[in-house]
Amino acid sequence: MTSSVNTNRTLTFPPHVTTRIERADRAALAALGEFSSATIHEAQGRRGAIASHIKPIDRDMRFVGSAFTVVCAPRDNLMLQVAIHYAQPGDVLLVSAGELAQAGIFGDVLGNACKAKGIAAVVTDSSVRDTQDLRALGLPVFSGSVSITGTVKETLGPVNQPLVFGGQLVYPGDALVGDADGVVVVRREEIEIVTGLSKARFDNEAALIEQYRAGGTTIDLCNLHDVLRAKGITTDLDDIDPDHGLGPRR
């Protein structure tokens, strides 16, 4: 008796799982992660802000890492479990699952699997559960909501394909930074440029804060005199002060 091998297997292209992605240098990611999500968003031209309802389950959680994109069917975490298997230390699992609020696709068991692998964070537009245990674990977890509703493991989906998530197009390997205010995405090839812009913005804002502490006003420091006059501002002081109470220029 002879055995035969089935050579008629149908191949998918792209495959369900792509493992070979380009990631940013760890040092470059760490430098970017020194800045807040809001600073980075503003510094890169007000780009990259993930939808604002996606927040950390603990406001002290923050992360920086490379995007490892995953698409799950709603109320189905099969591909999330697959992604955990293939992810590398420092990756951020970005899990699109249909923005379904009533579906706890991630909890403490998978959280421990991620922690053991050195995964930097999990971000999903669906729900998570076991939040007290996840906080104790120390793994940054960001989600659209919290729900105890269970999920199934049925449907295949893509891992590491470009993904529209929270209103932003994210490519595998892009940088993700998350903190109490939200999550921002930075193109992998722009990380060093955006880090420099973020530092410049941070330094400028630090100087501005010192000027406020020294008695500066919003009108002066934000150069609003001419702007407000051009818009025709009026106040109840106009009958005694033609300058509308804006004060002298400094």
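The model is a predicted one. Its largest nonpolar core contains 43 residues. Within that core, Leu80, Leu93, Phe106 and Val123 have the most contacts. Leu93 shows what such a position looks like: setting aside neighbours within four places in sequence, Leu93 contacts Phe68, Leu80, Ala83, Ile84, Ala87, Cys114, Ile119, Ala121, Val122 and Val123. Another core lies apart from the largest one and has 12 residues, including Ala175, Val177, Ile191 and Val194.

Two packed helices are described by the angle between their axes and the distance between the axes. Helix α3 covers residues 78-86 and helix α4 residues 108-117; the angle between them is about 20 degrees, and their axes are 10 Å apart. Because angles under 35 degrees count as roughly parallel, α3 is roughly parallel to α4. The crossing of α3 past α4 is left-handed. On the α3 side the contact is made by Leu80, Gln81, Ile84, His85 and Tyr86, and on the α4 side by Leu110, Ala113, Cys114 and Lys117. By type, the residues of this contact are six nonpolar, two polar and one charged.

Leu29 belongs to helix α1, residues 26-32. Its relative accessibility is 5%, so Leu29 counts as buried, the limit being under 20%. Not counting residues up to four places away in sequence, Leu29 touches Ala24, Val64, Gly65, Ser66, Ala175 and Ile191. Ala175 and Ile191 are among the residues of the 12-residue core.

Arg75 sits in the loop between β2 (63-71) and α3. Arg75 is not a glycine, yet has a positive phi of about 60 degrees. With 36% relative accessibility, Arg75 counts as partly exposed. Glu99 lies in the loop between β3 (91-96) and β4 (104-106). Its phi is also positive, at about 55 degrees, although Glu99 is not a glycine. Is Glu99 buried or exposed? Glu99 has a relative accessible area of 51% and is therefore exposed, as exposed means over 50%.

Technical notes
Residues numbered from 1 in each chain as written. Predicted model: local features only at pLDDT ≥ 70, side-chain atom pairs only at ≥ 80, totals over all residues. Heavy atoms only, no water. Core = buried A, V, L, I, M, F, W, Y, C linked by side-chain atoms within 4.5 Å. Buried < 20%, exposed > 50% of the residue type's maximum accessible area, 1.4 Å probe, protein only. Contact = heavy atoms within 4.5 Å. Axes fitted to C-alpha atoms, helices over the stretch in contact; angles between N-to-C directions. Helix = DSSP H or I, 4+ residues; strand = E, 2+ residues; numbered from the N terminus. Parallel < 35°, antiparallel > 145°, perpendicular 65-115°, else oblique. Left-handed = near helix turned anticlockwise from the far one by under 90°. Nonpolar A, V, L, I, M, F, W, Y, C, P; charged D, E, K, R; others polar.
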